[in-house]
Amino acid sequence: MGMNVSRQVDLTENEYLQRFVGKTHVPAYDDDFWNNFLQYHINLPTNSQEQLSLDLRLDSLCQSFISHNLHTGNFGSLINVFLLKVSELLTLSDTESNVHIWHAFNALFIIRCLVKYMIETGSEYQLLQHFEALPVQPEDDDTAAPTESDPASTSRAISIDVRAVEETKAAVARLVDGTKFETFLEALVNIIVVLPVKEFTYHLHLEAVNCMIILLSVSLFSQQTMEKSTIYRTIYRCQHANTLMSALLHFLSRMSPAPQTMFGFGTGGSFVFGIAESLWSILTFARKQPDILTAHDLPTAFREHYPLANQSLLLILILTNHHATKDNPYRMSLFGCSDSQDSPKEEPATFKIDFSSLYNTLCRIVTIDQATLLLYLLLYRNQRFQKYVMAQQNLQQLVIPILQTLYNAPDSTSHHIYMSLIVLLILSEDDNFNKSVHQIMLKNITWYTERSISEISLGGLLILVVIRTIQYNMLKMRDKYLHTNCLAALANMSGQFQSLHPYVAQRLVSLFETLAKKHARLDQQLKQPNHVHGSEPDVSIPIGLTPEDMLQDLSVLEEVLRMVLEILNSCLSHQLVYCPNLVYTLLYKRNVFEAFRSHSAFQDIIQNIDMVVGFFSSRLQRVQDQRGELGVNEVLEVISKGASQWSSDRLRKFPDLKFKYVEEDAPEEFFIPYVWTLVCKAGCVHFSSETIKGVSTGIVC
């Protein structure tokens, strides 16, 4: 276009744009026009505000395009030019292909802008009409331009023009079978999976990924089910699902930073190697990873410095979460991939990727919402990846960022908190994980500000953060589902609690104490609903609750209290000898259990705790009678000696606490709106939220 589109200029003055969106057909073979039309430079919009600004400047041109394209077929010409550029890339060397890359990118960017506009303002059928539209052929001399001095000629020309438009519409109706779109989609896939990523192809890859996201966004702007969508049917019957998913996951895994310039020249040599070799080049791609992700605003840094990785991650989530309950080839591909370092004798996989590289990348960005969601999918659905993660010696690199997300819960969405907790729950299902987290020692965790702790185990830190999350939920969210996930993770770990820090033991018992006090106040309020004076209001009990609400809250509280007692009992039954600090705290806080000894819901399990407390109390009393008052270290010494003589056979047996996460029915009802919210919030493409009306009710753009 001969200008930098990203500048604040009047695009309507550009002669090539005017001709493209105007009434005149531009054939695909008009090299002079297309070479001039596609020679422009643009700084890609990097956020929604820049995208919105560009959309506003393109609006009148897009309207003109919609008015004329079914007659001119210029969009089809542009598609053909783009397809030709892509096909020629397959035979060119690096130095020869530079201009082709530039032109192909520019063509694809214009296509993406037009497709986005048509999706947001029209229907999918109208979009496909524009894909398939052919130019109206003039009929001999009858279609010659009329002159002002010949009114009859003018009238005849208008009549012929109307007839031609109607004939075009009828022809297009017969042609809208998705053939042209299918060819275009195949070209996008070829760019992603065949062309190796180099500095001067980076933005072409990024644009191909963005264009696929735009095409899939048709679900946001349509009320029809996606089973009836031609675009979705075409994308989901793609025969290259495995190679596409492989390439996207590699783009994320290697996390190549965006180059400083958009189209630099290469060093020569063959440009295209074929699918197998290009994927190998992805695996062995030498990259620098500047420590940009230490920035405070990690999501923004990731989006701006690693846009290809960011957009590829979002596209993976879109492809895998739509049609979640049907035969989704992308979902099956992601869940069936294996480690490229595995033995060749392993069971067949959909594709191979270096799990080490993927794991390290996820560790770096797991505090980002969309990265947590991908980690969840891999841990829950890909057994090979889950097994790999559980075998890692550096689990703290993955777990600590997740704990930071939970610790900073007010800064995260409720969905992100849920997914972080569910990841911890899935990890806690593995006994080796539960054992190893107590063997990994951490020093100077500066972000944990509740109390200064010089050294603590990873397991101890995990317990502290999950307890804090429960207490935050009690005050702010009051969500039973969140309580359940928190307690299930602690319950799974409880049989392996070891070497608990004194503060961790205090927080465990204090959790029960806090819940017990709330239970007592709520119970009193139910028994004396009119007695509101003379007592301090409980800030954790919202004002205006009906007796039915309070009764329901009391029932939930009792479930939570029972669960905390079961967690304490599980630790005492299996690990008492390794947890002297917990026994010390129970002795110190023995009175908090007093009110529940006669309660039918807690009586059985309280008896176990009382038995432990009674055993160690009597031993301490005997030692005190001999030595006098004991210090903390002396008490712990008595507890440790007593623990070696304690037999857990004295305790009443309860089933082992084992909770397993199970995805609810119709997961797409939760995940599809969630994924599109992430695309709108964290992606490089802005969508018009005013016209969103499809599956994404409640999406915030």
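**Close-up 1. Gly76, a buried glycine in helix α4.** At 4% relative accessibility, Gly76 counts as buried (buried means under 20% relative accessible area, exposed over 50%, and partly exposed in between, using a 1.4 Å probe and protein chains only). You'll find Gly76 in helix α4, residues 74-89 (helices are DSSP runs of H or I with at least four residues, numbered from the N terminus). Leaving aside residues up to four places away in sequence, Gly76 touches His130, Phe131 and Lys180 (contact means heavy atoms within 4.5 Å). Then there's Ala28: Gly76 and Ala28 are 48 residues apart in sequence, and their C-alpha atoms are 8.2 Å apart in space.

A quick note on what you're looking at: this is a predicted model, where local features need pLDDT of at least 70, side-chain atom pairs count only at pLDDT 80 or more, and totals for chains, interfaces and linings use all residues. Residues are numbered from 1 along each chain as its sequence is written, and side-chain values use heavy atoms, with hydrogens and water left out.

**Close-up 2. Helix α3 and its bend.** Where does α3 bend? The bend is at Asp59, and it comes to about 50 degrees (that's the angle between axes fitted to the seven residues ending there and the seven starting there).

**Close-up 3. Asp55 and Lys116, a salt bridge between two helices.** Asp55 forms a salt bridge with Lys116, and their closest N and O atoms are 2.6 Å apart (a salt bridge is a side-chain nitrogen of Lys or Arg within 4 Å of a carboxyl oxygen of Asp or Glu). The pair links distant parts of the chain, with Asp55 in helix α3 (residues 48-72) and Lys116 in helix α5 (residues 94-121), 61 residues apart. By the salt-bridge rule, the count comes to 18.

**Close-up 4. Lys660 and Glu429, a salt bridge between loops.** Here the closest N and O atoms of Lys660 and Glu429 are 3.5 Å apart, and the two form a salt bridge. Lys660 sits in the loop between α28 (632-645) and α29 (668-682) and Glu429 in the loop between α20 (414-428) and α21 (431-436), so the pair ties together parts that are 231 residues apart in sequence. Lys660 is exposed, at 66% relative accessibility, whereas Glu429 is partly exposed, at 24%.

**Close-up 5. Asp649 and Lys653, an exposed pair.** This salt bridge joins Asp649 to Lys653, with the closest N and O atoms 3.8 Å apart. Asp649 is exposed, with a relative accessible area of 60%, and Lys653 is exposed too, at 58%. Elsewhere, salt bridges that share partners join Asp55, Lys116 and Glu120 into one network.

**Close-up 6. Helices α13 and α14 packed together.** Two packed helices are described by the angle between their axes and the distance between the axes. Helix α13 (residues 298-305) and helix α14 (residues 307-321) pack at about 105 degrees, with their axes 5 Å apart (axes are lines fitted to C-alpha atoms over the stretch in contact, and angles run from 0 to 180 degrees between N-to-C directions). That makes α13 roughly perpendicular to α14 (65 to 115 degrees counts as roughly perpendicular). Residues making the contact include Phe302 and His305 of α13, along with Pro307 and Leu313 of α14.

Key. Parallel < 35°, antiparallel > 145°, perpendicular 65-115°, else oblique.
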